[in-house]
Amino acid sequence: MANKLIYGDNLDVLRDRPDLIPTGSVDLVYLDPPFNSSRSYNVLFKNENGAESDAQIEAFEDTWHWTRNGAEATYRYLVLNTNDDISKMIAAMRSFIGENQMMAYIVMMTARLIELHRVLKPTGSLHLHCDPTASHYLKVILDTIFGPDNFRSDITWKRHSAHNNATVNVAAVTDTILYYVRSGKATFNTQYVPYSESYVKEFFRYLDEQGRRYTVNSLKNPSVRPNLMYEYKGYPSPPTGWTCTREKMEEYDRQGRLEFPKNPDGRIRLRYFLDDMPGAPVTNLWDDIPALAGQHSERLGYPTQKPLVLLERIIKMSTNPGDVVLDPFCGCGTAVAAAQKLDRQWIGIDITSLAVALMKYRLDDMYPGIAYQVEGEPKDMDGARDLAIRDRYQFQWWALSLIKAQPLGGSIGSRDGKKGSDKGVDGVINFLDDNSGQPKRVIVQVKSGNVKSGDIRDLKGVLDREQAAMGIFLTLELPSGDMEKEATVAGYYHSPGWHKDFPRLQILTIGDLLKGNARVEMPPEHQTFKQAQRVKRQPDHAQAILFGTADTDAGDMDDEIDYEDDDVASQG
């Protein structure tokens, strides 16, 4: 299976595209769906008239609503077309929860979890990341779909150490990761964490001649083993025998791991060196991985972004190199990035073209030259026109991604980017062009319908009002000759850093961009989204630092990072 990014509703993809994700083809599903809380991330907005589109209810607003064509229709499908256990479970939940946002969430998640169970291999597993708002309901759903015997663990991830505002309730500092397997054949690789300082002081108290810290253990066999009773270097066998053969004893001796007693009647003991030990096995309490904070250079600005090292632990625990990892709620793509880093195959699905674009930037920055497929995005003009008709906001975000322009509204997921507040600006590209350190702006306007010369004059007015360096008019339809003349009249931007002139107002067509026949003419040192640091493969380290300018205080590094691209403008 080739690596894939898929734009679309994950339920539609899972049900209707078996060519993309066949039954029994996935080794690990990790999903971090909306939690049905009061938080709103507003990456995707309602239609302008306020109507709810089933797959578009502010995709990262953590409330899924009960609508006739959405949750109600899915509920009827589950009752009438699934097995008896699922039918009874979902009907019972509706009887006491009612027809509200929580029940809509349960219905939508049940439909998706059925499909995710189907695509798992017998050796596969699922990790569902959630919070206490709905974790108890989700566990009932998973027990019904996977079977209670295939529940493995309720992992608690401690995100924060404390909150200062815990005045009316205990501080909420944890998330839950529900861990289920497809069958008893599921892959499991024990993970380890470093021993605590107190444990090392208590149990590894000795130093050898080279200063290596170690502990010792008896070589006495707990049960009687006549075949392991032999004298070694004048020391008699314990009454029950040694724990190893003579050949293994000689190997320990060559390695300097045997400790001989001064008393000839004493017992030989075996040294265990601290630097040879893997550490303490990971438990179901993960309190060693902090959430991303503002100072972490890995932080991308995505509101629900998880640390890369968290996903690395899950992937290492439940898969082997070459296995397939699926994230059906991909967001900014941390699971996909971690899977690529660990030499796993991967599939990422997201319902917003903005998120898919963000994942493409992240992968291309981290792994230059990486090969992967993108499904569901327009690849020709017919596809572009179809997207513009179906959803003009998705079209706008997709079009902006063709030139790596950031949608209006600051950080990803903010409330500030709603249509109607853009004042003629749909996107922006920032760049540095002098020694002031202050970014300059290229503003972008996207048009999917009929265009005219007045549109260019209007954009020139916005360009002057915003005091931007340049403007881009991104159009689905071909511009007229009058529009080209209006753009030419706007003149040039002179770059002091590159001693070159660039057209101040440029018209780019979607058709030319799709064919690779057009690009933004501007100073080359520009940056829109925070950029992923390039990963250089290095074995046996801890966590890679990913996004933003160089910052080595965000935790231990698993890979060396190439800092040659660090001198970029901040996100504007």
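Analyst: One term before we start: helices (H or I, at least four residues) and strands (E, at least two) are DSSP runs, numbered from the N terminus.

User: Got it. What kind of model is this, and how are residues numbered?

Analyst: It's a predicted model, where local features need pLDDT of at least 70 and side-chain atom pairs count only at pLDDT 80 or more, while totals for chains, interfaces and linings use all residues. Residues are numbered from 1 along each chain as its sequence is written, and side-chain values use heavy atoms, with hydrogens and water left out.

User: Okay, how many helices and strands does the chain have?

Analyst: The chain has 15 helices and 25 strands.

User: And how much of the chain is buried?

Analyst: 52% of its 572 residues count as buried. Buried means under 20% relative accessible area, exposed means over 50%, and partly exposed is in between (1.4 Å probe, protein chains only).

User: Which helix is largely enclosed by the rest of the structure?

Analyst: That's α9, residues 334-341: eight of its eight residues are buried, so the rest of the structure largely encloses it. Among those buried residues are Q340 and K341.

User: What covers them?

Analyst: The cover includes β2 (26-31), α8 (308-318), β13 (324-327), β14 (345-350) and α10. By the way, contact means heavy atoms within 4.5 Å.

User: What comes just after α9?

Analyst: D343 does, with a positive phi of about 65°, although D343 is not a glycine. You'll find D343 in the loop between α9 and β14.

User: Switching to Q467: what is its phi?

Analyst: Q467 isn't a glycine either, and its phi is positive, near 55°. Q467 is in the loop between α13 (453-466) and β19 (470-475).

User: Is Q467 buried or exposed?

Analyst: Exposed, because its relative accessibility is 74%.

User: New topic: how do α10 and α12 pack?

Analyst: Helix α10 (residues 353-366) and helix α12 (residues 392-401) have axes 8 Å apart, at an angle of about 15°. So α10 is roughly parallel to α12. For the geometry, axes are lines fitted to C-alpha atoms (for helices, over the stretch in contact), and angles run from 0 to 180 degrees between N-to-C directions. Angles under 35 degrees count as roughly parallel, over 145 as roughly antiparallel, 65 to 115 as roughly perpendicular, and the rest as oblique.

User: Which residues make that contact?

Analyst: On α10 they are S353, L354, A357 and Y361, and on α12 they are Q394, W397, W398, L400 and S401.

User: Last one: what about α3 and α5?

Analyst: The axes of α3 (residues 84-97) and α5 (residues 135-146) come within 9 Å and cross at roughly 160°. That makes α3 roughly antiparallel to α5. The contact uses D85, I86, M89, M93, F96 and I97 from α3, along with Y137, V140, I141, T144 and I145 from α5.
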